[in-house]
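Visitor: Hi, I'm new to this one and would like someone to walk me through it. Could you put it up so that we can look together?
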Amino acid sequence: MWRRVALLSPMISSSSSRSLTLNQAAFGLKVGESFATDAVNPEERDLPPKEKAPFITFVLGGPGSGKGTQCEKIVETFGLQHLSAGDLLRREIAMNTKNGDMILNLIKDGKIVPSEVTVKLIQRELESSDSRKFLIDGFPRTEENRVAFERIIRADPDVVLFFDCPEEEMVTRVLNRNQGRIDDNITTMKKRLKIFNGLNRPVIDYYKNKGKLYTINAVGTVDDIFQQHVLPIFSSFEQLKKESRHVIQKSTIGSSLVENSS
Ligand SMILES: Nc1ncnc2c1ncn2[C@@H]1O[C@H](COP(=O)(O)OP(=O)(O)OP(=O)(O)O)[C@@H](O)[C@H]1O
Ligand SMILES: Nc1ccn([C@@H]2O[C@H](COP(=O)(O)O)[C@@H](O)[C@H]2O)c(=O)n1
Ligand SMILES: [Mg+2]
């Protein structure tokens with residue numbers, strides 16, 4: 001399904017400054033056309049609507065805030081496909097690809113890998129997947145990441161989660177993680193926190209202003225965070241709820257727990 005949608009993108013003029021969302025692309029609209037106002041090519045008018053765009057969630061938060069841990073629980077309950085940008089980059093290192101060394105050096109130093117590289121890795125996963133709903137974890141980390149995703153994938157997220165965690169808690173968690181990650185040391189952690197505060201915060205603000213951001217208090221037990229904050233958000237999306245593998249007990253979003261600035 002996704003493959004057909006993605007194949008539409010070469011048909012869309014890359015020289016246009018007007019961005020085309022994946023929803024538009026999925027419905028066969030070209031740059032300069034919109035759902036509401038512009039006429040569809042007469043030859044296409046009577047064709048059935050093209051396939052629906054996938055449901056995309058961006059998962060943001062500082063290093064060690066619990067993104068990956070909560071993503072696992074979301075996958076278990078709602079069956080979204082989890083794409084961790086960090087894991088995709090680490091896989092390039094492990095597979096010794098042409099970008100492997102460059103990525104290793106940047107990750108070691110807590111720096112951000114060029115957006116084009118990361119977005120292309122995400123694109124490959126999206127295009128080869130049969131899933132229609134994705135959790136993209138640890139992305140976008142910078143405004144440049146965000147713009148590159150919009151340019152290359154031509155999609156916007158439906159939901160953005162931000163796991164909000166105090167720095168000292170994040171440091172404790174990362175230093176105790178014990179997964180052999182080359183960047184889980186205090187020197188690199190300090191750099192990652194600096195990058196998070198300098199480059200990731202503007203992205204968080206961007207989605208807050210767009211009314212797409214859910215800020216989640218990431219302090220507490222893994223289960224409590226999921227049950228009290230994460231689960232109600234996803235339960236509120238009807239389609240996901242229908243497809244979930246477990247019975248959902250709560251169906252409202254606790255306003256004291258979840259911030260959505262819309
Ligand atoms: N609510 C929690 N309370 C205590 N420890 C937690 C909690 N959530 C996750 N952890 C632990 O903290 C560590 C970091 O969690 P996780 O890997 O999910 O963070 P992350 O946000 O994905 O970090 P990174 O950006 O570095 O990949 C892991 O060892 C995990 O088991
Ligand atoms: N969008 C991204 C995501 C990650 N990186 C690099 O990978 C490191 C680890 O990421 P985690 O999400 O697993 O913590 C991160 O510190 C960056 O070096 C990136 O460049 N761009
Ligand atoms: Mg992670």
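Visitor: How much of the contact here joins residues at least 24 apart in sequence?
Guide: Among contacts between residues at least 6 apart in sequence, 74% join residues at least 24 apart. Please keep in mind that this is a predicted model, and that the values I give are computed from it.

Visitor: Okay, and how many helices and strands are there in the protein?
Guide: The protein has 11 helices and 6 strands, and buried residues account for 33% of its 262 residues.

Visitor: Which residues have the most contacts inside the largest nonpolar core?
Guide: Those are Ile122, Ile136, Val160 and Leu161, in a core that has 49 residues. The element that gives the most to this core is helix α10, residues 222-235, with 6 residues. As a general point, nonpolar side chains in soluble globular proteins tend to be buried together.

Visitor: Take Ile136, then. What is it in contact with, leaving aside neighbours within four places in sequence?
Guide: With those neighbours set aside, Ile136 is in contact with Ile56, Thr57, Phe58, Val59, Leu83, Ala85 and Ile122. One of these, Phe58, has its place in strand β1.

Visitor: Is Phe58 buried or exposed?
Guide: Phe58 is buried, because 27 other C-beta atoms lie within 10 Å, and the cut-off for counting as buried is 20 or more. Apart from neighbours within four places in sequence, its contacts are Ile136, Phe139, Pro140, Pro157 and Val160. Phe58 and Gln123, on the other hand, are 65 residues apart in sequence and 14 Å apart in space, C-alpha to C-alpha.

Visitor: You mentioned Phe139 and Pro140. What kind of peptide bond joins them?
Guide: The bond between Phe139 and Pro140 is a cis peptide bond, with omega at about -5 degrees. Pro140 itself lies in the loop between β3, residues 133-137, and α7, residues 143-153.

Visitor: Back to the strands. Which strand does β1 pair with in the parallel sense?
Guide: Strand β1, residues 55-61, pairs in that sense with β4 over 5 bridges, and one of the residue pairs involved is Val59 with its bridge partner Leu161 in β4. Strand β4 is also joined by 5 bridges to strand β5, residues 213-217, and these two run parallel. There, Asp164 stands opposite Asn217 in β5.

Visitor: And how many of the residues in β4 are buried?
Guide: Strand β4, residues 159-164, is mostly covered, with 5 of its 6 residues buried.

Visitor: Switching to helices: at what angle do the axes of α4 and α6 cross?
Guide: The axes of helix α4, residues 85-94, and helix α6, residues 115-128, cross at roughly 100 degrees and come within 10 Å. The two helices are therefore roughly perpendicular to each other, since angles from 65 to 115 degrees count that way.

Visitor: Which residues meet there?
Guide: From α4 there are Ala85, Leu88 and Leu89, and they meet Thr118, Leu121, Ile122 and Glu125 in α6. Sorted by class, this contact of α4 with α6 has 5 nonpolar, 1 polar and 1 charged residues.

Visitor: What about Gly86, where is that found?
Guide: Gly86 is found in helix α4 and counts as partly exposed, with 19 C-beta neighbours inside 10 Å. Gly86 and Ile122 are 36 residues apart along the chain, and their C-alpha atoms are separated by 11 Å.

Visitor: Which residue other than glycine has a positive phi, for example?
Guide: Asn96 is one of them, with phi near 55 degrees, and it lies in the loop between α4 and α5, residues 100-108. Arg154 also has a positive phi, near 55 degrees, and is found in the loop between α7 and β4. Asn96 is exposed, with 10 other C-beta atoms within 10 Å, whereas Arg154 is buried, with 23.

Visitor: Last one: which helix does Arg192 lie in, and what does it touch?
Guide: Arg192 lies in helix α9, residues 186-209, and is buried, with 24 other C-beta atoms within 10 Å. Not counting residues up to four places away in sequence, Arg192 touches Pro63, Gly110 and Asp183. Arg192 and Glu116 are 20 Å apart in space, C-alpha to C-alpha, and 76 residues apart in sequence.

Methods. Residues are numbered from 1 along each chain as its sequence is written. Chains are lettered from A and ligands numbered from 1 in the order in which they are written. This is a predicted model: local features need pLDDT of at least 70, side-chain atom pairs count only at pLDDT 80 or more; totals for chains, interfaces and linings use all residues. A nonpolar core is a set of buried Ala, Val, Leu, Ile, Met, Phe, Trp, Tyr and Cys residues joined through C-beta atoms within 7 Å. A residue is buried if 20 or more other C-beta atoms lie within 10 Å of its own, exposed if 12 or fewer, and partly exposed in between; C-beta atoms are placed from the backbone. Helices (H or I, at least four residues) and strands (E, at least two) are DSSP runs, numbered from the N terminus. Two residues are in contact if their C-beta atoms, placed from the backbone, lie within 7 Å. Two strands pair if DSSP finds at least two bridges between them. Axes are lines fitted to C-alpha atoms, for helices over the stretch in contact, and angles run from 0 to 180 degrees between N-to-C directions. Angles under 35 degrees count as roughly parallel, over 145 as roughly antiparallel, 65 to 115 as roughly perpendicular and the rest as oblique. Ala, Val, Leu, Ile, Met, Phe, Trp, Tyr, Cys and Pro count as nonpolar, Asp, Glu, Lys and Arg as charged, and the others, Gly among them, as polar.
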